[in-house]
Number of protein chains: 2
Amino acid sequence: MYVSFDIEQFIQDFSQSCKKVQIKSFNKNVVITSYIQKRDQLCILISGSADLVRYDLNGNRTIIDHFSKHDIFGEVFYDITTNNELLVESKENCEVLFFSYNDIHNKCKPNCKFHEKLSEHLPELILDKVTTLNMRIELLTKRSTRDKLLGYFNLLSTKALNKTFTLPFSLTDLADYLSVDRSAMMREIKLLKNENIIKKEGKKITLLSN
Amino acid sequence: MYVSFDIEQFIQDFSQSCKKVQIKSFNKNVVITSYIQKRDQLCILISGSADLVRYDLNGNRTIIDHFSKHDIFGEVFYDITTNNELLVESKENCEVLFFSYNDIHNKCKPNCKFHEKLSEHLPELILDKVTTLNMRIELLTKRSTRDKLLGYFNLLSTKALNKTFTLPFSLTDLADYLSVDRSAMMREIKLLKNENIIKKEGKKITLLSN
DNA sequence: ATTTTTCTGTTGCAAAAACAACAAAATAAA
DNA sequence: TTTATTTTGTTGTTTTTGCAACAGAAAAAT
């Protein structure tokens with residue numbers, strides 16, 4: 001990761017120093033924000049986890065993005081509003097920092113430490129996001145459910161520096177995240193087990209290949 | 001778009017002012033750069049168009065990203081190297097500006113105008129990229145070929161402010177971009193025509209729905 | 001201007017994925 | 001700790017997608 005910047009420390013030190021910045025708390029399974037129009041809002045997840053989900057006209061639910069501690073999200077990243085509803089839903093109790101993208105540029109106050117620091121480090125935060133999105137695209141463009149699963153497992157294995165790792169999702173959510181049918185995915189996981197390509201105990205997965 | 005910054009002007013004014021910055025020219029259908037390791041490289045496409053493509057072990061070709069004038073790309077956006085080969089291939093004759101991400105922060109020279117300007121505007125450039133990537137993910141997570149096509153057509157229609165628009169791709173490349181089989185996509189396009197949902201004359205498409 | 005190559009459009013068939021529906025297990029809530 | 005809810009695991013059937021192969025059109029190269 002390129003983010004050398006200590007977000008934790010930054011939030012602790014400076015989030016109180018600017019009145020334009022808000023911290024809000026949310027319970028589990030509530031809507032944190034919805035992407036309706038092209039607003040200016042940027043958010044940093046301080047604690048907890050949340051999903052950006054789309055509900056299409058048929059009621060299908062897709063996890064467009066998954067956020068955990070220190071991830072940034074917000075409507076500012078979306079250009080054109082589609083017909084579908086985009087919601088950020090908390091998966092656990094969450095604390096979220098809200099601020100406005102334009103305030104970073106229109107220098108808040110000459111000595112607002114919060115916006116000064118943020119302005120300095122925003123490129124690395126966003127760059128980090130680009131990296132995540134590119135990985136996601138890598139996965140989604142894979143031809144088959146099998147390749148998506150193995151691609152994702154390899155990713156987690158690489159991150160964990162270990163052939164064994166734990167899924168950060170429920171299997172139901174994993175299917176949404178990989179944009180495949182859950183039962184079809186389960187069938188494929190069973191095949192991967194039978195072919196001794198993976199081992200699975202609950203959410204703990206081990207790659208046996210290579 | 002959030003990019004108010006005039007890239008054209010910027011490149012003309014400042015690209016000569018810093019020796020660390022290189023401009024290279026490429027013919028059509030050649031490899032501009034390959035993503036092999038986690039390097040520091042950032043590129044801006046000055047003219048022409050190019051694709052970021054993946055060749056997997058089965059020889060399948062997927063267009064991961066499509067770049068046109070003023071798009072930024074580079075290995076800096078990719079975190080973990082997969083087993084697959086990622087190449088940026090020119091689709092037309094291209095001019096590309098190469099520079100290093102870290103140079104932007106490690107202030108090049110006290111009075112290097114190029115890096116100063118770039119540092120100032122990089123967030124909006126990258127933000128723009130995030131927006132594009134998010135749209136792409138929106139498309140790729142659609143359940144069916146039909147939904148992907150209609151999603152993409154709606155996007156182009158919205159961009160063009162018109163029910164009629166022109167595909168920026170060949171149909172072959174469109175299939176790669178949407179990550180679906182070409183013949184299956186052609187079949188779906190035929191159905192959309194038969195059901196009077198779209199009209200198609202070559203690469204000119206009209207949305208008839210709504 | 002002619003040849004070569006790429007792109008488009010089509011189709012039958014095979015394979016994969018989605019849909020649907022249900023029981024068992026696990027988790028959360030009362 | 002009992003009840004309700006969500007998640008997991010499974011399977012038969014239908015639908016969609018991918019594969020393969022080919023001919024004609026268009027574009028590019030010679």
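A residue is near a strand if one of its heavy atoms lies within 4 Å of it, and helices (H or I, at least four residues) and strands (E, at least two) are DSSP runs numbered from the N terminus. This is a predicted model, in which local features need pLDDT of at least 70 and side-chain atom pairs count only at pLDDT 80 or more, while totals for chains, interfaces and linings use all residues. Residues are numbered from 1 along each chain as its sequence is written, chains are lettered from A and ligands numbered from 1 in the order in which they are written, and side-chain values use heavy atoms, with hydrogens and water left out.

Around DNA strand C there are 18 residues, of which Thr145(A), Asp181(A), Arg187(A), Leu171(B) and Lys190(B) come nearest. Helix 6 of chain A, and helix 5 (171–178) and helix 6 of chain B, each supply at least two residues of this surface. By class, the surface has four nonpolar, six polar and eight charged residues; here Ala, Val, Leu, Ile, Met, Phe, Trp, Tyr, Cys and Pro count as nonpolar, Asp, Glu, Lys and Arg as charged, and the others, Gly among them, as polar. Sugar or phosphate holds 58% of the atoms of DNA strand C within 4 Å of the protein, and bases hold the rest.

In Lys190(B), an N or O atom of the side chain is 2.6 Å from a phosphate oxygen of DNA strand C. These are polar contacts, that is, pairs of N or O atoms within 3.5 Å.

DNA strand D is likewise surrounded by 18 residues, the closest being Leu171(A), Lys190(A), Thr145(B), Asp181(B) and Arg187(B). Of the atoms of DNA strand D that come within 4 Å of the protein, 50% are in sugar and phosphate. Bases of DNA strand D are approached by side chains: a polar side-chain atom of Arg182(A) lies 3.1 Å from a base nitrogen, one of Ser183(B) lies 2.9 Å from a base nitrogen, and one of Arg187(B) lies 2.5 Å from a base oxygen. Two or more residues of the surface near DNA strand D come from each of helix 5 (171–178) and helix 6 (182–194) of chain A and helix 6 (182–194) of chain B. The largest share, five residues, is that of helix 6 of chain A.

Chain A as a whole has six helices and eleven strands. Of its 210 residues, 53% count as buried, meaning under 20% relative accessible area with a 1.4 Å probe and protein chains only. Helix 3 (residues 113–140) of chain A is largely enclosed by the rest of the structure, because 22 of its 28 residues are buried. A kink of about 50° lies at His121(A) in this helix, shortly before the proline Pro123(A); the bend is the angle between axes fitted to the seven residues ending at a residue and the seven starting there.

Ile205(A) lies in strand 11 (residues 204–207) of chain A. At 0% relative accessibility, Ile205(A) counts as buried. Leaving out residues up to four places away in sequence, Ile205(A) touches residues including Phe153(A), Phe165(A), Leu167(A) and Ile198(A), where contact means heavy atoms within 4.5 Å.

Methods
Polar contact = N/O pair within 3.5 Å; in protein donor to acceptor, adjacent residues only side chain to side chain. Buried < 20%, exposed > 50% of the residue type's maximum accessible area, 1.4 Å probe, protein only.
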